[in-house]
Amino acid sequence: MKKGYRTIVAVVSLFLLVLIDQVTKFAAVKCLKGKEAFSLIPGVFELQYLENRGAAFGALQNQRWFFILIVIFVLAVLLWCFIRFPKEAHYRPLAVLAVFIAAGAIGNMIDRLLNGYVIDFLYFSLIDFPIFNVADIYVTTATALLFVVLCFYYKEEELDIFRFSKKGEAH
């Protein structure tokens, strides 16, 4: 793989994922805001507009700047990790998952910066699951998969790239 290619692919992918998230939210505002929920699968899944001023499940309402600071921190950690990932294909799942988590974090941060709230619109009425959006899907799915690959795909010594010696240098 040519030098820099992985970074270009990651940046373009990040941009496209954020764009998809923002386009779906724009469509939700245009088509759902101020209207009754639209049932896609009656009694199971519907589109319902919600302005979420909190975190997952509506926790920490109206803590906009706290969430923005957390996202900046998470993005810095993801960038640090991405830079440290070895270029071998074996580590590609980590890079891909980092891009999805970053895209979800950026998508929701854009909402918080522009609107003061996150636009949610996907609702599983069958189980009364909290209303969510595409960025939330990126973050939760990628985080769950990250847990799986860290536990079952990589050996502990393969993750030494994230350890530091006492002098602050990577192993």
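**View 1. A nonpolar patch on the surface.** Six residues, Ile8, Val12, Phe15, Leu16, Leu19 and Val23, form a nonpolar surface patch, and together they have about 570 Å² of accessible area. This and the views that follow come from a predicted model. Valine 12, one of the patch residues, sits in helix α1, which covers residues 5-32. With a relative accessibility of 44%, valine 12 counts as partly exposed.

**View 2. Helix α1 packs against helix α4.** Here α1 meets helix α4 (residues 134-152) at an angle of about 140°, and the two axes are 8 Å apart. That angle makes α1 oblique to α4. On the α1 side, the contact involves Leu17, Ile20, Asp21, Thr24 and Lys25. Their counterparts in α4 are Val134, Ala135 and Tyr138. Keep an eye on Asp21 and Lys25 from this contact; their side chains return in the next view, joined by a salt bridge.

View 3. Side chains of opposite charge can pair when their charged atoms come close.

**View 4. Lysine 25 reaches across to helix α3.** Lysine 25 also meets the side chain of aspartate 111 in a salt bridge, with an N to O distance of 3.0 Å. This pair links distant parts of the chain, since aspartate 111 belongs to helix α3 (residues 92-115) and lysine 25 to helix α1, 86 residues apart. Aspartate 111 is buried, with a relative accessible area of 2%.

View 5. Lysine 33 pairs with glutamate 51 in a salt bridge whose closest N and O atoms are 3.4 Å apart. Lysine 33 is in the loop between α1 and β1 (38-41), while glutamate 51 is in strand β2 (residues 45-52), so the pair ties together parts that are 18 residues apart in sequence. Lysine 33 is partly exposed, with a relative accessible area of 42%, and glutamate 51 is partly exposed at 25%. Back at lysine 25, salt bridges that share partners join Asp21, Lys25 and Asp111 into one network. The model has four salt bridges by count.

Methods: Residues are numbered from 1 along each chain as its sequence is written. This is a predicted model: local features need pLDDT of at least 70, side-chain atom pairs count only at pLDDT 80 or more; totals for chains, interfaces and linings use all residues. Side-chain values use heavy atoms; hydrogens and water are left out. Patches are made of residues with over 30% relative accessible area and no salt bridge: like charges are joined within 9 Å, nonpolar side chains (Val, Leu, Ile, Met, Phe, Trp, Tyr) within 5 Å. Accessible areas come from the Shrake-Rupley method with a 1.4 Å probe; for residues, only the protein chains shown count as cover. Helices (H or I, at least four residues) and strands (E, at least two) are DSSP runs, numbered from the N terminus. Buried means under 20% relative accessible area, exposed over 50%, partly exposed in between (1.4 Å probe, protein chains only). Axes are lines fitted to C-alpha atoms, for helices over the stretch in contact, and angles run from 0 to 180 degrees between N-to-C directions. Angles under 35 degrees count as roughly parallel, over 145 as roughly antiparallel, 65 to 115 as roughly perpendicular and the rest as oblique. Contact means heavy atoms within 4.5 Å.
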